[in-house]
Amino acid sequence: MTERSSVSANCHGVAEVASSANPVIAVAGAPNVGKSTLFNALTGAGAITGNWPGTSTAYSRGLWRVRSLQETSPMVLSVIDLPGSYSLDPLSPDEELTKQLLLGDDPPAVTIAIVDAAHLARSLYLVAQLREHHMRLVVAVTMSDVAAGRGIDIDPVALQYAIGAPVVIIDPRRRSGVVGLAASVQQVLAAPSVAPRKLPTVAHLPYSERSLILEDDRFAWIEQAVSLSTSDQEAARSDLGDRIDRLVLGSVSGPLIFLFMMWLVFQATTVVASPLQDILDGFFADTLTGWVESVLRALGWDAVWLHGLIVAGFIGGIGSVLTFAPLMTIMFILLALLEDSGYLARAAVITDRMMRRLGLPGQAFLPLIVGFGCNVPGIAATRILPLPRQRLLTALLVPFTSCTARLTVYLMIGDVFFGRWAGTVVFAMYVVSIVLVVATGLLLRATLWRTLPDPPLVLDLPPYQRPTLRLTVSVAWRKLKSFLQSASGIIVAVVIAVWLLQAVPMHGGTFGEVDVADSLYAVIARGIAPVFSLAGFGSWDIASTLLVGFVAKEAVISSWAQTYAVNDPSAGGTIAGMSEALHASFEQTSGGHLLPAVLAFLVFFLAYTPCVATLAAQTREIGAKWTWIGVALQLVVAWVLAVLVFQVGRLL
Amino acid sequence: MVLRLWYGCEVVSGVMSLGNAPLHTPLTLVTCLIEPGLRSRLATLGLRTGSPLEVVLTTAGHGRVIGVAGSRIAMDVSVLRQLHVKLASGGE
């Protein structure tokens, strides 16, 4: 496998890493042995993450520049971080891909197999299977500090002799041993591949018997390698991890600690990110816009369409993308911290039983919780799920979680129509949101996902570790960069499209200088308004805000203010003018059944497409086809529920 | 005394489901009444017939954390029910 050959088939948002034919180095190993940490240490911030072509299996690739043993210029290697795999007997699509990439027609030039020194025997199972094939192999031993703490000492020379491949002790978290690893990889690369280890003759036996004999042979080989290369001092094993686990996984304390951790994540992605988002929003909406406007004036480029395209379109669109940056950064840092510390695996154990009813593992709880802050990082957080189909199902459920952008509209509508019951109405919307997530999950589980396997929980709990700053920042930056690259195009395009619709005059006037009510945008809103007649809010002014809400829910109130030509309450204006206009509009369209129509609107507002940024995140994670299936699902659910609420409500 | 379970596997007395085994007691895995794929995965994690293990703690949701070869493996009730162990001392 060379860089050129593998990249040529590349798609799904994974850009080319290099144009030259760099030797491909695959990093393989079980989950939680430091595989991705080593990959990050080797490739740095330039690595990219995406889905393998034709699959929804995530992988990362990047360039590793090593000091050449023969030449003065550095050697460039293309490194692929393969999905975690305990063996070459796949139990999931991710493991199947790992097997295909390692043993397929175009195998990597060198495979680095990561083994955990603290659990050497079980880490060597994959190595035993790799040694049954013609390949260039280097074994990298991690966690030797953890092993030393348990009194286990590993002799790399003896292990190398037992395995029949170079062995290097590394600590990817502190980047030690990387130079030795580079030297070993180059030496192996320059030499012919090593002959496979000798296996018992089993070809004449039935498959089941054959696999048992081969399995026994591998375990015998592993036992020999372990006994040759390790000395166990039988030091007292620290039971600090067990003591923490007793709290973190306890029947009562476990769920409480989990809820506290989720609360922390929720707070960080809302309360902490919010002021940063406001600063960026202010910068784009005021500072940058003012500066660009003055430059345009100075250049004499005062055409309204040009001004609108640059300021409302490009700056507005790019501003929308970048205001998500603090939120996404915090989310990715928190995910990296939870994973690196070892807590995420424990959280999965706590919530496993509950989420299993939806056909999801316990980890799926996290993206759903984050979704209540903002759907965009919620979608991004689905990456923690092990199976692509679990990621897909969760990514379709996250949009039903009620984000804080919707909350501003609930509060305003509650204040306008329900007075002292406003708080109860807002609370009810969150209850409806939870019911929608569960009901949709059960519906999808019983229909499209009825064949989704329900694997039992067997989860290897990683040891607790102190997260490292460099690793956390590196992982968060790579994910943020990938999000910005993939989401920005869609968001900017939609923002420009909405601006264009609002700029096109339909009843005379000049392009870009037209009231919203006389624009193409209003014509489209009038076209779709009858669809909502059965739900009691079939007027163009209400329907138009649903179009704006498709771009960003935060813009709904200001859009109403613009439509009714009243002060924007979300920008400090009084609510009186808007209250009057909204009362009149809902009263008229509902035929006098005001409150059922308002409730129907709220339910529709909760359940339909969250925003274009969520769509961009979904497209990145689950592809365009499933994103649009999700949009259709949300619209159908939203419309049916809104009609139900209004029709039942007006009978009461 | 030999009991015959519905899976058709033979289990000697003194053998119990891992879900019923006492905490912090040395145990030995006797049988894995589990489909081959998962059985193979458990084997790679160090859980083979004859492996020494112990139940470290019971988790929320009636699962358990099993200590085997220095590592900790969380399992749910359905898996625990299908793994049979006996006291490592051979006590029956």
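**Close-up views of the predicted model**

**View 1. The interface of chain A and chain B.** In this predicted model, 32 residues of chain A are in contact with 29 residues of chain B, where contact means heavy atoms within 4.5 Å. About 2600 Å² is buried between chain A and chain B, with 57% of it on carbon and sulfur atoms; buried area is the accessible area (1.4 Å probe) that two parts lose on being put together, summed over both. Residues are numbered from 1 along each chain as its sequence is written, and chains are lettered from A in the order in which they are written. Local features need pLDDT of at least 70, side-chain atom pairs count only at pLDDT 80 or more, and totals for chains, interfaces and linings use all residues, while side-chain values use heavy atoms, with hydrogens and water left out.

**View 2. Salt bridges across the interface of chain A and chain B.** The rule finds five salt bridges across this interface, a salt bridge being a side-chain nitrogen of Lys or Arg within 4 Å of a carboxyl oxygen of Asp or Glu. In one salt bridge, the side chains of D216(A) and R48(B) meet at 2.8 Å, N to O.

**View 3. A salt bridge within chain A.** R197(A) and D217(A) form a salt bridge in which the closest N and O atoms are 3.0 Å apart. Because R197(A) lies in the loop between α7 (178–190) and α8 of chain A, and D217(A) in helix α8 of chain A, the pair ties together parts that are 20 residues apart in sequence. Helices are DSSP runs (H or I, at least four residues), numbered from the N terminus.

**View 4. The packing of α17(A) and α24(A).** Helix α17 (residues 404–418) of chain A packs with helix α24 (residues 594–607) of chain A at an angle of about 175 degrees, and their axes are 11 Å apart; axes are lines fitted to C-alpha atoms over the stretch in contact, and angles run from 0 to 180 degrees between N-to-C directions. The two helices, α17(A) and α24(A), are therefore roughly antiparallel to each other, a term for angles over 145 degrees. The residues of this contact divide into 13 nonpolar, no polar and one charged, where Ala, Val, Leu, Ile, Met, Phe, Trp, Tyr, Cys and Pro count as nonpolar, Asp, Glu, Lys and Arg as charged, and the others, Gly among them, as polar.

**View 5. The packing of α20(A) and α21(A).** Helix α20 (residues 520–528) of chain A and helix α21 (residues 540–551) of chain A have axes 8 Å apart and pack at about 110 degrees. That makes α20(A) roughly perpendicular to α21(A), as angles of 65 to 115 degrees are classed.

Conventions. Angles under 35 degrees count as roughly parallel, over 145 as roughly antiparallel, 65 to 115 as roughly perpendicular and the rest as oblique.
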